[in-house]
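The following note sets out some points on the fold, helix packing and selected side chains of this entry. Please read it alongside the sequence and coordinates.

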Amino acid sequence: MAAPQAPTPQAPASPLRQRLLGAVDLLRAIRRAWVPLLVVYFAYGALGLIDISRDFWVKESLRLSPADLASLGVWLGLPWTIKMVFGQLVDSIPLAGSQRRSYLVLGAALMATGLLTLAGAAGGWLVFLSPGGLYMLGNLLLVLGTVLQDVVADAMTTEVVPRTNPDGSARDDTAVKTELATVQLLGRLALSLGMLSVAGLSGWIAQFLARETVFLLGLVIPAITLVAALVATDEAHEKQPPDWRILGGGLAFGATVIALALTEIPYAQEIVFVLSMTVIIRMLALVTTDLSPDQRRAILATSIIIFAFRATPSGR
């Protein structure tokens, strides 16, 4: 008998083919329950649609100095520094009986109001504040809406992965961790896709459309989020009791910031910077009491880096 022939070795797939196959596998892994979450991340990235028109409008009409813009950037970055307070709010206080959908709707409403405020300022049909004041108000509403949606999306990232099988038995821990990592990766990709999808479009419409029209066109972004909120499954979540040390401290901090912003106190921004850092360190101490000292130090170091990044003016 003739000796059996050894199988012919197959040539390894090219790097491009491997990437394409990996992308296909990643898309196949998407579950229906993940789609609203990914849409929220996409909409967050696509909000860049108005960025170039907003920058041009500031330079053309508002005549704000670089120092003024840097000052506004400091105030507008504050909601991100107390994101933990928003997280506590979403997890402990249901809104209209919902801990996820209703907050997504509220975030979309804040974003839409902010866009309408910018459109009214650019078009001249809102005059209850100066154009600079309307610019500040509109951007603050946009920031509050995006922070709120980001908090809800982060919470949903861990909740869309089931921990039990249909028969009620516990799922394999490795499978759960794999799906959690996949959801987080897809969320980042959806965010990047949203940013890339409007990168060229934002510059093109800034050349041909009026600033007011661009801001009104931006209303499609909160509309996308609203659709995602309406189709999302708001499953029952274990309601956490409010931690009034965090919520109360956040409200007191917010009231202090508003008071400083509306007054002419010298070094108001420096005072807010110190207060922000103090509040963050205190809140981190409260929520990490059950962790080891090494873990607490790592979280503290990471938070300081993120805080410094968020507190740095964007230079617009």
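1. Of the 316 residues in the protein, 38% are buried. The model is a predicted one, and the values below should be read with that in mind.

2. The secondary structure consists of 14 helices and zero strands. Read from the N terminus, the order of elements is accordingly α-α-α-α-α-α-α-α-α-α-α-α-α-α. The points on packing that follow therefore concern helix against helix, since the count of strands is zero under the DSSP assignment of runs.

3. Helix H2 (residues 35-46) packs against H8 at an angle of about 150 degrees, the two axes being 10 Å apart. Because angles over 145 degrees count as roughly antiparallel, H2 is described as roughly antiparallel to H8. The crossing of H2 with H8 is left-handed. On the H2 side the contact involves Leu37, Val40, Tyr41 and Tyr44, which meet Thr146, Gln149, Asp150, Ala153, Asp154, Met156 and Thr157 of H8. By class, these residues are six nonpolar, three polar and two charged.

4. H2 also packs against H9, here at an angle of about 35 degrees and with the axes 7 Å apart. The crossing of H2 and H9 is right-handed. From H2 the contact draws on Leu37, Leu38, Tyr41, Phe42, Tyr44, Gly45 and Ala46. H9 contributes Val183, Leu186, Gly187, Arg188, Ala190, Leu191, Leu193, Gly194, Met195, Ser197 and Val198. The contact of H2 with H9 comprises 13 nonpolar, four polar and one charged residues. Leu37, Tyr41 and Tyr44 of H2 take part in the contact with H8 and also in the contact with H9.

5. Helix H8 (residues 131-159) has a further packing partner in helix H6 (residues 83-92): their angle is about 60 degrees and their axes lie 9 Å apart. H6 is thus oblique to H8, and the two cross in a right-handed sense. H6 supplies Lys83, Phe86, Gly87 and Val90 to this contact, while H8 supplies Leu144, Val147, Leu148, Asp150, Val151, Val152 and Asp154. The classes here are seven nonpolar, one polar and three charged.

6. Three aromatic pairs are counted in the model. In one of them, the ring centres of Trp57 and Phe215 are 5.6 Å apart and the ring planes stand at 70 degrees, so this pair is classed as edge-to-face. Trp57 belongs to helix H3 (residues 51-62) and Phe215 to helix H10 (residues 211-217), so the pair ties together parts that are 158 residues apart in sequence. Both Trp57 and Phe215 are buried. Ring pairs also bring in Tyr135, giving a cluster of Trp57, Tyr135 and Phe215.

7. Is Glu179 buried or exposed? Its relative accessible area is 13%, and a residue counts as buried under 20%, so Glu179 is buried. Glu179 is located in helix H9 (residues 173-208). Leaving aside residues up to four places away in sequence, Glu179 touches Arg31, Trp34, Val161, Pro162 and Arg171.

Key. Residues are numbered from 1 along each chain as its sequence is written. This is a predicted model: local features need pLDDT of at least 70, side-chain atom pairs count only at pLDDT 80 or more; totals for chains, interfaces and linings use all residues. Side-chain values use heavy atoms; hydrogens and water are left out. Axes are lines fitted to C-alpha atoms, for helices over the stretch in contact, and angles run from 0 to 180 degrees between N-to-C directions. Helices (H or I, at least four residues) and strands (E, at least two) are DSSP runs, numbered from the N terminus. Angles under 35 degrees count as roughly parallel, over 145 as roughly antiparallel, 65 to 115 as roughly perpendicular and the rest as oblique. A crossing is left-handed if the near helix is turned anticlockwise from the far one by less than a right angle, and right-handed if clockwise. Contact means heavy atoms within 4.5 Å. Ala, Val, Leu, Ile, Met, Phe, Trp, Tyr, Cys and Pro count as nonpolar, Asp, Glu, Lys and Arg as charged, and the others, Gly among them, as polar. Rings of Phe, Tyr and Trp (its six-membered ring) pair if their centres lie within 6.5 Å; planes under 30 degrees apart count as stacked, over 60 as edge-to-face and the rest as tilted. Buried means under 20% relative accessible area, exposed over 50%, partly exposed in between (1.4 Å probe, protein chains only).
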